[in-house]
Amino acid sequence: MKDSAYWITNARLETGYQYENGAAAATRAANFHLLIENGTIMSIVPAKDPLQSDFPKKDAKNLLVLPSFIEKHCHLDKTLVGDSWRACRPVANRIERCNLEKDLLPTLSTTTKERAEALLNILQKAGSTHVRTHVDIYPEAGLKNLRSVQEALATYEGRLSHEIVAFPQHGLLRTKSKDLVREALREGANLVGGVDPAIIDGDIEASLQQMMDIAVEANVDIDLHLHDPGHLGIFTIRRLAALTQEAGWQGRVAVSHAYGLGEVSLTEALDVADMLAEVGISIITSVPIDGPMPNIELLRKKGVNVAVGCDNIFDSWSPFGNGDILERASRLAERFNWVDERSLAQTLGFITGGKTPLDKEGKRIWPAIGDEASMVFVEASCSAEAVARRSKRQAVMYKGKIVSGEL
């Protein structure tokens, strides 16, 4: 054992479901000691058993331990967090909104780096140890947004992991940003983005093909923002799926929002879900309070990978949002009426990359020996309660290091 080894004592872990009439009525839990070494869980010992080694100890004081969270969709370069309060100005359409934002951001008294750091602090306190951020790439800004976000993320080195999407918010074709996006990928962005090929770019086929060409050329994944409604959105998804298959990019493409999936018949939604599962296209939802959104329950049953992200967090697009991804998962459960013990517990998987303490049958599958020690310590009896009640996070750990709060 090395000097970095220590025990987390009296940590509450879920151990299974209690059943009544065949349904999970409650979640059983017990206290355990976890041995952490070099950022990895090396041993899990019932709290009633004596410890066999005299390493330093951190007392979890009966707090529930959950896998740390993933913020799958945010915009560190857009946020107004850390700047003065302002509500949103009305606009006629999405292009007007983009132009308003483009004019506003350079006039703020705070820097992009300062605001991005302020938002990262909020995300981490809420339990996120991985962040996917989109960064706007357009001619007027060049790569300034990217560099500022990279500087902000550098201050969180060793505290969280991240992905950066080179995101042509103003239109890949419309602003002729292909070469800028390519440059952003060479300068450290990890994915290529796109937005509304029909309404923003005005050419579905050319926009999707150019985005795919850039992805294949740079060997990066894709995250397309698709707000386009109904059958227009469905047509776009079908073309993206075809291009994904042609390029051999299965499992490397995500569609954020995909509102159109919530505006077509059940028969068509089922057909599209089968297609998404076959080519490995993921769906990322921000769980709007009202309005259309994909039928997440249907997608999950069909084997489509689904994740949740906060998206806009106090910016030119929305004065709302607090960066609490657990709250967004709770909203998802509420919207789909997932109110029983098992459904609430499984909702956690949408913000952890699929990790849940218990599988659907109630067998404990997390944590396991060898797992990365990235965890959230929560004031709750079980994950179902944490989701439903949006329980307080007392501490957040990333690879064995407490990065927010304290034990």
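**View 1. Helices α2 and α3 cross each other.** A crossing is called left-handed if the near helix is turned anticlockwise from the far one by less than a right angle, and right-handed if clockwise. By that rule, α2 passes α3 in a right-handed crossing. Helices (H or I, at least four residues) and strands (E, at least two) are DSSP runs, numbered from the N terminus. The model shown here is predicted, so local features need pLDDT of at least 70 and side-chain atom pairs count only at pLDDT 80 or more, while totals for chains, interfaces and linings use all residues. Residues are numbered from 1 along each chain as its sequence is written, and side-chain values use heavy atoms, leaving out hydrogens and water.

Helix α2 (residues 112-125) packs on helix α3 (residues 144-154) at an angle of about 45°, and their axes are 8 Å apart. Axes are lines fitted to C-alpha atoms, for helices over the stretch in contact, and angles run from 0 to 180 degrees between N-to-C directions. That angle makes α2 oblique to α3 (under 35 degrees counts as roughly parallel, over 145 as roughly antiparallel, 65 to 115 as roughly perpendicular and the rest as oblique). From α2 come Thr112, Lys113, Ala116, Glu117 and Leu120, and from α3 come Asn145, Ser148, Glu151, Ala152 and Leu153; contact means heavy atoms within 4.5 Å.

**View 2. Helices α6 and α7 pack together.** Here helix α6 (residues 230-247) meets helix α7 (residues 266-279) at an angle of about 25°, with the axes 10 Å apart. That makes α6 roughly parallel to α7. The crossing of α6 past α7 is left-handed. Look in α6 for residues including His231, Ile234 and Arg238, and in α7 for partners including Glu268, Val272 and Met275.

**View 3. Eight strands line up in an open sheet.** The order is β6-β7-β8-β9-β10-β11-β12-β13, and the pairing is parallel. Two strands pair if DSSP finds at least two bridges between them. At the edges stand β6 (69-74) and β13 (306-308), each with a single partner strand, so one side of each has no neighbour in the sheet. From one strand to the next, the twist averages 25°.

**View 4. Strands β10 and β11 sit side by side, with α6 across them.** Strand β10 (residues 221-226) pairs with strand β11 (residues 253-257) in the parallel sense over five bridges. Helix α6 lies across β10, β11 and β12 (281-285), running at about 170° to β10. Also in β11 is His257, whose phi is near 80°, a positive value in a residue other than glycine.

**View 5. Trp85 and Phe314 form an aromatic pair.** A search of the whole structure finds four aromatic pairs. In this one the ring centres of Trp85 and Phe314 are 5.7 Å apart and the planes are at 20°, so the pair is stacked. Rings of Phe, Tyr and Trp (its six-membered ring) pair if their centres lie within 6.5 Å; planes under 30 degrees apart count as stacked, over 60 as edge-to-face and the rest as tilted. Trp85 is in the loop between β6 and α1 (94-104) and Phe314 in the loop between β13 and α9 (325-335), so the pair ties together parts 229 residues apart in sequence.

View 6. The bond from Trp366 to Pro367 is cis, with omega near -5°. You will find Pro367 in the loop between α10 (341-347) and β14 (375-378).
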